[in-house]
Structure formats: structure tokens, C-alpha cells
Amino acid sequence: MIGLGKMGANLALNMQREGFRVVGTDLNEACRQTIQAQGIETADSLTSLLATLPQQKIVWMMVPAGEPTEATCQTLLNELSEDDIVIDGGNSNYKESQLRAARFAEKGIHFLDVGTSGGTSGANQGACLMIGGEQAIFEQLAPLFKALAVDEGFIYTGPAGSGHFLKMVHNGVEYGMMQAIAEGFEVLEGGPFDYDLAEVANVWNHGSVIRSWLMELAHEAFVEDPKLEAIKGVMHSSGEGKWTVETALDYQIPTPVIALSLMMRYRSMYDDTFTGKVVAALRNGFGGHAIEKND
């Protein structure tokens, strides 16, 4: 496991609990020490990690998209051998995953792009996995994916790039759902009645059409801070929503809700909004994403 942050560490613990031998590494020594204290074997560099693995190496990356993933892939291209397997479980752009799969294939190295959903709790207790790449390699690793996922929580999506494409669209849908929930609570907050928003979230999550994990997270956030006064309504964007909208434009597919949700993410970077507070609280709840505190 390359990358022992919130998601990588929890996936490693899940693997260990399911009976797989895991060796992890991270550039951050504190991350290595934290996971080592929980019984996971670690290595202080990628090179030393690879030296500990058996003949057919299976390397799972959980590092930030972009340059960190590209640099890691370049190192793996130099150090892995024919028939080794690379899994990118991060949120890479699907086009980059297609290119990386081709580059690895030139050296006979197999590549799977795995969209990973479920947040930190899912990574530890049962994830949702969307897996693209060679079908034979997927089938070889299916016992691993089945062990890590919730019941019926993994799918083979097709050729390289299709796993990350599916996760990209998933995250676009997520943008729209969170924005709708947040706007609803903003109408309640600014309307003529004095609602207990924690109680509203709780009742909406019992039998209503809009019951969901996101509503459960909204309830937890309002219980902890009824007016979300301790946090700023800054909604950071990690890229997938933007890629979804760009892809929709490329294929002339209308996605007004996702597009406007993305615009609201950008809007939140300038002035504080209650809508932003709700989405920031939800993202922190399911993924441990950073929130900005009010002074």
C-alpha cells in the first residue's frame, strides 16, 4: 500500500483484518508510525517496500491525483517487472489512467484503475469499488476486492479508465445531492419557522424519500453544532465534479445540477454561506475532509 493517509491506512487495516499480508509506505513518517502501531508492516521508502514483496508484486496506490500519482507511477515503471500488478485506487482522471495502463502494458505490467467510494469508514469496514482494466487480472484479484467491499459492493467496469470514469460520475452525482441537501437546510435556516435542524435531519432519515447516509451525516453535524457556527462554509473541490462537467460538455450531455453544484463550490471560496457550511460538514463526516474553523 503506497499512501497511508485516511483512505490508504483504513484499506490496509481492512486487508489485514481479512487475512492479507500488507506492507505499507508513506513519505510522512508519522503516517508510517501510526499504522505500524496498529500491526501493519511498513517500509521507509518505495524501493525498500518493493524489496519485501514476493515474485508477482501487487502494488495498491492511494495517493493524491496528479503529480503525486504520476511520480509514483514513474518509479513503479522503473522498478517493477513483467506480470506485476499496479492498482490506482485514488481519484485520478480517467484519461490519465488510460495512458498509464498503456505505458505499463509496454513493460508487461498490469494496471487496474479502481474508483473507491464509501469514505474512511467504508475503506475500513466495507468499501464500494469500481474496477477497470484487464478482465483476467480483475478475476485474479476478485477475492481481494470481495473481501474489502460491502456485499455486492464491487463491479468490473470494463477496459482501463472505466473504473475512474465511473467514480468521476459518482462524485458528480454526489456534488448535486449534497448541494440539494444544503440548499434545503438553508431555506429552513432563513425561513419563518424556528426548526431544530438536527431533529429535521433525523426525521427525514426515517422513512422519507430523501433518507440517506448524507442525511445521517447532516444529523450528526447539527447535533454537534446546531448552527454550524464553528466552521466556515468553504467547500473545497478535489476535481471529479469539474471533470464530470467537462466530460458532459465534450459529449454534449446536459448536467445542469452537477454544473451548478460545481459553481457553488467555487462560490464558497469567496464568502461564507450556510449552504457551504452544510456541505463542508458532510464532506468532513464521510471522508474526513478538512474543514476551516471560524475564529
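## A helix, its neighbours and some aromatic rings

Welcome to a predicted model, in which local features need pLDDT of at least 70, side-chain atom pairs count only at pLDDT 80 or more, and totals for chains, interfaces and linings use all residues. Residues are numbered from 1 along each chain as its sequence is written, and side-chain values use heavy atoms, leaving out hydrogens and water. Let's look at one helix, the aromatic rings and the cysteines.

**Helix α11**

- Helix α11 covers residues 240–250; helices here are DSSP runs (H or I, at least four residues), numbered from the N terminus.
- Which residues of α11 are buried? They are E240, G241, W243, T244, V245, T247 and A248, where buried means under 20% relative accessible area, exposed means over 50%, and partly exposed lies in between (1.4 Å probe, protein chains only).
- The cover over these buried residues includes α5 (94–106), α8 (162–190) and α12 (256–268).

**Aromatic rings**

- A pair of aromatic rings is described by how far apart the centres are and by the angle of the planes.
- The structure has 11 aromatic pairs; rings of Phe, Tyr and Trp (its six-membered ring) pair if their centres lie within 6.5 Å, and planes under 30 degrees apart count as stacked, over 60 as edge-to-face and the rest as tilted.
- F138 and F145 are a stacked pair, because their ring centres are 6.1 Å apart and their planes are at 15°.
- Both partners are buried: F138 has a relative accessible area of 11%, and F145 has 0%.
- F185 and F222 make a tilted pair, with 4.9 Å from centre to centre and 55° between the planes.
- F185 belongs to helix α8 and F222 to helix α10 (residues 213–224), so this pair ties together parts that are 37 residues apart in sequence.
- F185 and F222 are both buried.
- One aromatic cluster is made up of W60, F138, F145, F154 and Y156.
- R265 sits over the face of Y175, 3.7 Å from the ring centre; a charge counts as over a ring if NZ of Lys or CZ of Arg is within 6 Å of the ring centre and within 35 degrees of the ring normal.

**Cysteines**

- How many disulfides does the structure hold? It holds zero, with a disulfide being a pair of cysteine sulfur atoms within 2.5 Å.
- For C73, the closest cysteine sulfur is in C31, and at 20 Å that is too far for a bond.
- C73 is buried, at 0% relative accessible area, while C128 is partly exposed, at 32% relative accessibility.

How values were computed: Helices (H or I, at least four residues) and strands (E, at least two) are DSSP runs, numbered from the N terminus. Contact means heavy atoms within 4.5 Å.
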